[in-house]
There are 4 protein chains.
Amino acid sequence: MTLKLGWIGLGNMGQPMVTRLLQAGFDVTVYNRTRAKAEAFVEQGAKVANSPQELAEQVDTVITMVADGATLEEVLYGESGVIHGVRAGQTVIDMSTVGPEPVRFAAEAFLQRGVKFLEAPVSGSVGPAKEGTLVILVGGEEQAYEQHKPVFDVLGKASFHFGESGQGAQAKLAINLLLGVVLQGLSEALVLGSKAGLDRETLLRAIGVTACAAPIVLGKTPSILAGEYPAAFSLKHMEKDFGLALDEAKKVEAALPATSAAHQTYVAAKANGLGDQDIMAVLAHLERMSGLK
Amino acid sequence: MTLKLGWIGLGNMGQPMVTRLLQAGFDVTVYNRTRAKAEAFVEQGAKVANSPQELAEQVDTVITMVADGATLEEVLYGESGVIHGVRAGQTVIDMSTVGPEPVRFAAEAFLQRGVKFLEAPVSGSVGPAKEGTLVILVGGEEQAYEQHKPVFDVLGKASFHFGESGQGAQAKLAINLLLGVVLQGLSEALVLGSKAGLDRETLLRAIGVTACAAPIVLGKTPSILAGEYPAAFSLKHMEKDFGLALDEAKKVEAALPATSAAHQTYVAAKANGLGDQDIMAVLAHLERMSGLK
Amino acid sequence: MTLKLGWIGLGNMGQPMVTRLLQAGFDVTVYNRTRAKAEAFVEQGAKVANSPQELAEQVDTVITMVADGATLEEVLYGESGVIHGVRAGQTVIDMSTVGPEPVRFAAEAFLQRGVKFLEAPVSGSVGPAKEGTLVILVGGEEQAYEQHKPVFDVLGKASFHFGESGQGAQAKLAINLLLGVVLQGLSEALVLGSKAGLDRETLLRAIGVTACAAPIVLGKTPSILAGEYPAAFSLKHMEKDFGLALDEAKKVEAALPATSAAHQTYVAAKANGLGDQDIMAVLAHLERMSGLK
Amino acid sequence: MTLKLGWIGLGNMGQPMVTRLLQAGFDVTVYNRTRAKAEAFVEQGAKVANSPQELAEQVDTVITMVADGATLEEVLYGESGVIHGVRAGQTVIDMSTVGPEPVRFAAEAFLQRGVKFLEAPVSGSVGPAKEGTLVILVGGEEQAYEQHKPVFDVLGKASFHFGESGQGAQAKLAINLLLGVVLQGLSEALVLGSKAGLDRETLLRAIGVTACAAPIVLGKTPSILAGEYPAAFSLKHMEKDFGLALDEAKKVEAALPATSAAHQTYVAAKANGLGDQDIMAVLAHLERMSGLK
């Protein structure tokens, strides 16, 4: 017998993820603050709930995929929040990136109602969400993780269970800081190249065959050459994730010098109006900082 | 008619590169300060010269692959240096990483003797040197580059001509800073993970399937898990290259915040005795800095 | 008619501050978690309360001076907290350094009970607390500030009213980051000097007559020369304040590259067991990082 | 019998220094590339030489005070350079800031001619140069230092002999990095303050009475409030000195995280056209980076 799923959050990421679940035959009820976004899924076979609470009352497992901690708080604990609709035996899975603290808090809050809670943040943006090639980083009870592997298998190419609540969130922060530092490094290499008079396309072609050619580097190359940065993963979200990683680092006493240098660059890029562009727009900011534009 | 090649410098990189050239049928004369290292190539078919000068007198093209700028200066301009043996029409190619200034100087010095000079530093360490999969970054006269493509094709999987003398060296610095920043980012992600209690192997497996999984990241994983860092590319050489990149950045007025933060970490790692270990030993230093070891 | 004051928190800072108030003739009731510390002030003329609530019931103005945000929360809102003892017309003044958020929250919470709230964090450590030469940075209603100037005049050599609730806290963070960066800069200058073989005492004497000779630099010189760092202002508190400043900077989108580099150094120093020593022990950590000790 | 002094370099610093020496009764011959600047000192009692060589032939002690290492090289070793005019028994003193390497080189070069060489870089800019309150940091033979103390006493309020050639230069770099970091820290504090809505004048008044109130902080306050940065010590010179300090740090293996973060900010400020303004213009750059202007 398959699980009845409830999905909250139909942004850039949520939309393709729900489409995949529906195509895989899952029974999915959706909720979104802007109801029109939810209605759009009816013809794909989804049901629509009027509130997070109502959605929780109708499904076995609630999955949330929202923009930030404040939004998560609202959909979980707000008036008509998920917590008011759950019953013992259900599972709540948060796939957003909100850091370890809110998920530990949620795990405890739901446990008191006999509800299991997993955090399952993802590495990968819109493209992998569409193709089902996300990487899913899970924290929480192992049995609940095993039970929902069929869901994760539809959404991602791999999922990893890191341990208790909070550890999936921590893994996500560690991986995302690497992403941000890699793109900062790429940007600094390109800025140095341009100031030194190197042809950018040749430099990118060369980088593309070195040992530094991470998939993200190859993936961003067309956008860099076009000098246009429509958001796949927005710079302001990367800035937020850097902030969460450094908060966590502070708590566990991990010193992260390059991460914090990169973070400050993203803060400056955001302060200069680049927050809604793609993370790769950090290059545009570094170019400006070096007087290139 | 094939070129008679002269090779100076039989360290970690030079040895496998010369072996490949000999196996490909090139006529190679070698010189090394420690003569025994040169003699060892005789049975592979190499001739041995007694000095850089003598070597230059016997070949069409001299290739240098040495540890740093001071050594290059010695073999090129020292008492029995290359410059005293060259004649018009020859080519000198430096494949070391010494930054743009010494190669621009060399280009001018050799030009005055009617000798062409290319810099052709490589991206890739011992493994790619053996397999002929280096990436070769060339600056200097285009015709000389074209003439030596058969040589580059034996040594690397790709070569790029960036433009005039110095531009290959600049490309190398840009690419190497990216390498150093990527491994710094990886190390910071792992330190955060360990301080937060994550299983390192699981974290590395997860990273290995994300968009950050650069070949260098996958390549260093076994060494990280073993916690042993025998030098493929030594940390002190990366520290030197970071220094060269930042010197160049200073000159062309490029601000590189994460690069300089990473550089300082490598300086500290070197000050703590890790200079002769692999670049990846920067992780060991960051672990110590965060009280892990 | 003089104000009846209630004082909560008799740590390193609170003790000399209360002594000054008593000596100046103020009527002071004290509370401290470890009651013995409170009893010790009886012979100086203080009364002792059994709880923050009881203290609030007996005085006109409650002043808190505690270690961190968590402790402040407990004494203000915990069971038997201040908030349960206040009545309309009173004032609560927090002199701790807890950042803008908790003080804005407190201002609102007390306002609902008709109680005025000022934050009045101080710049200066134990010495200035004894001598009454603290610098007091106030946020909150101007009239309440004016009313308590006689108190501030006993405790500090100057007080500044920055504006509404939170602005005194923000000023404190800005000033403290400067302090931390200055001592980091001093430490880096000394590490460079020592690695270069300079006599430290001569270097410090020279610095002591330059334009960089801030009072804190002169004040820390004996401790540096002795190589001993008993806490006047503990390194872990500076680390906390750096963290609060960078959190605030993130919110208001201010990029602070040197502050964040210094912060990471303090995090590492703390991770290496230096948290309970004086802020100046950051020098000991930087020395270790450069292989000096 | 007093020394006959020769002075090379009549820029912002050289001019007031020569005036002081003349007023103190020294016999001074001057040389400057732009001869008009030299002529202007005739009515104050100076003689004018036609070249560094001629100047060296006419005096006991040659003092150089020039903009950078390249200029120093030219006046010392160029066609009509000092070195061609010296004779055994003389002394050459360089008061520029050029780093340890050129002064060690000079010491050796002049020693071979029986000429003593001191480096005596100064801390302090135009104001202290006029008032004779520079701080003079000397490396080289102690006896030569003692012999020239009367000269140093006219130019500075204090002089320190650090040891052999190069050590005065190193002390200068250490002290100047502290200066640069202090003003970077001040700027970051002010940027955070402004983004948080604090009144800048109040914040500066508060800073001005804290333990961070270095003379340079107080000295720059009027310029900050006016938002105008006419060069006392130009930003590009600070950038150069940061670069020299970090080069030296690299050599002696000293890790300087905040210094390098600050340096990158100065590089960016210079890339954005602020190099000829005062060092304090780093604030203007940081404001721009945070979207303030």
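Mentor: Contact here means heavy atoms within 4.5 Å. The model is predicted.

Trainee: How many residues of chain B and of chain D does their contact take?

Mentor: Apply that cut-off to chain B and chain D. Each side is then counted on its own. The contact takes 17 residues from chain D and, from chain B, 17 residues.

Trainee: Which three residues supply 44% of the area that chain B buries against chain D?

Mentor: Start with the whole interface. Chain B and chain D bury about 1,300 Å² between them, and carbon and sulfur atoms give 55% of that area. On the chain B side, three residues supply more than any other three: Lys250(B), Glu253(B) and Gln264(B).

Trainee: What is the distance between the closest N and O atoms in the salt bridge of Glu253(B) with Lys270(D)?

Mentor: The rule asks for a side-chain nitrogen of Lys or Arg within 4 Å of a carboxyl oxygen of Asp or Glu. It finds 4 salt bridges across the interface of chain B and chain D. Glu253(B) pairs with Lys270(D), with the closest N and O atoms apart by 3.5 Å.

Trainee: Now chain A and chain B. How many salt bridges does the rule find across their interface?

Mentor: Look at the contact first. There, 58 residues of chain A meet 58 residues of chain B. The buried area is about 4,900 Å², with 77% from carbon and sulfur atoms. Across this interface, the number of salt bridges found is 0.

Trainee: Where in chain A does Asp278(A), the salt-bridge partner of Lys220(A), lie?

Mentor: Over all chains the rule counts 61 salt bridges. In the one between Lys220(A) and Asp278(A), the closest N and O atoms are 2.8 Å apart. The pair links distant parts of the chain, 58 residues apart. Lys220(A) is in helix H11 (residues 215-226) of chain A, and Asp278(A) is in the loop between helix H13 (257-271) and helix H14 (282-289) of chain A.

Trainee: How many nonpolar residues does the contact of H9(D) with H14(D) have?

Mentor: From H9(D) come Leu183(D), Gln184(D), Ser187(D), Glu188(D), Leu190(D) and Val191(D). They meet Val282(D), Leu283(D), Leu286(D) and Glu287(D) in H14(D). By class, 2 are polar, 2 are charged, and the nonpolar count is 6.

Technical notes
Residues numbered from 1 in each chain as written. Chains lettered and ligands numbered in written order. Predicted model: local features only at pLDDT ≥ 70, side-chain atom pairs only at ≥ 80, totals over all residues. Heavy atoms only, no water. Helix = DSSP H or I, 4+ residues; strand = E, 2+ residues; numbered from the N terminus. Nonpolar A, V, L, I, M, F, W, Y, C, P; charged D, E, K, R; others polar. Buried area = accessible area lost by both parts, 1.4 Å probe.
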